[in-house]
Amino acid sequence: MAAGKGSGAGIDHQSPVPKYSQLREILLDLVETELGADQAIPSERELSARFGLSRMTVRQSVDHLVSEGRLYRVQGKGTFVARPKIEMPLRLASFTEDMRARGLEPGSRDLDRRTDAASAHLARMLLIEPGDPVHVIERLRTADGIPMAVERSHIPDAVAPGLGEEPLAGRSLYDLLASTYGVLLDRGEQTIEAGIADPTDAALLDLPAGAAAVLLLQRRSFVGDRPVEFAVSTYRADRYQLHVALEVPRTGR
Ligand code: 16G
């Protein structure tokens, strides 16, 4: 297989740029211009022979691209090009809507449904009193059957009385809130931070146990000034990325 043939790329052994970085650029070029999703990259042995690099250097570049979610390994088969990451929506969209808009089939598996007494923290988030009943909905969200996120939603009973009894399998929570309770969300706020999957979420998301990177999201959605949902979610960092348009700051000068 020709690695980086289009660019005529090779390793410059005189360059001060570390060799693993040079190889990374060559592999990125290969992934972006020559190979499609799920196609194999040359083996580490081939790469090391082709570019005159030690196996350790090759392993370092490949590991880096694997940890970034650009490549994935299959035990005993090789290393393959990952599907492009999904751009995290920065809109108040439901998971169902967002996946359909991308041509992916949304799925959802109930992990837990219960009604809890609000803790002090939850009460502050939802602007209710501690001890007030809150519906907790924990779901594994999938796209084309692939696990993408674990979502834990908290919704005050006062907003959606009896929500705990409503079946949700194969349904959109936001649709249910709209159709059964007349709750039409009109604004939201969200924080996104990097984290490490805990063992439960790692297993649910098919991520290696240990130190898999994830995106931790917290979202509050409102109708007017009333919080309707406080969701704490774990999204796969190897499947999602953020893309934002940048504006030039107005300095007033
Ligand atoms: C989004 C929301 C989640 C909400 C869900 C409803 C985040 C980051 N996103 O995934 O809070 O519960 O949509 O989706 O928290 P559904 O209507 O498809 O059930």
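The protein chain folds into seven helices and ten strands, and since this is a predicted model, everything below describes the prediction. Let's start with the overall build and then move to the sheet.

The domain assignment divides the chain into domain 1 (19-81) and domain 2 (86-241). Their centres, taken over C-alpha atoms, lie 35 Å apart. The radius of gyration of the chain is 23 Å, whereas a compact globule of 253 residues would have one near 18 Å. Here are some values for the whole chain:

| Property of the protein chain | Value |
|---|---|
| Span of the C-alpha trace along its principal axes | about 70 × 60 × 35 Å |
| Buried residues | 42% of the 253 residues |

Six strands form an open sheet with antiparallel pairing, in the order 4-5-6-9-8-7. Strand 4 (106-117) and strand 7 (187-196) each have a single partner strand, so one side of each is left without a neighbour in the sheet. From one strand to the next, the twist averages 15°.

Strand 5 (residues 133-143) runs antiparallel to strand 6 (residues 146-156), and ten bridges join the two. Which residue of strand 6 is the bridge partner of Val136? That partner is His154.

Conventions
Residues are numbered from 1 along each chain as its sequence is written. This is a predicted model: local features need pLDDT of at least 70, side-chain atom pairs count only at pLDDT 80 or more; totals for chains, interfaces and linings use all residues. Side-chain values use heavy atoms; hydrogens and water are left out. Two strands pair if DSSP finds at least two bridges between them. Helices (H or I, at least four residues) and strands (E, at least two) are DSSP runs, numbered from the N terminus. Axes are lines fitted to C-alpha atoms, for helices over the stretch in contact, and angles run from 0 to 180 degrees between N-to-C directions. Domain bounds come from an automatic or database domain assignment. The radius of gyration is taken over C-alpha atoms; the globule rule is 2.2 Å times the number of residues to the power 0.38. Buried means under 20% relative accessible area, exposed over 50%, partly exposed in between (1.4 Å probe, protein chains only).
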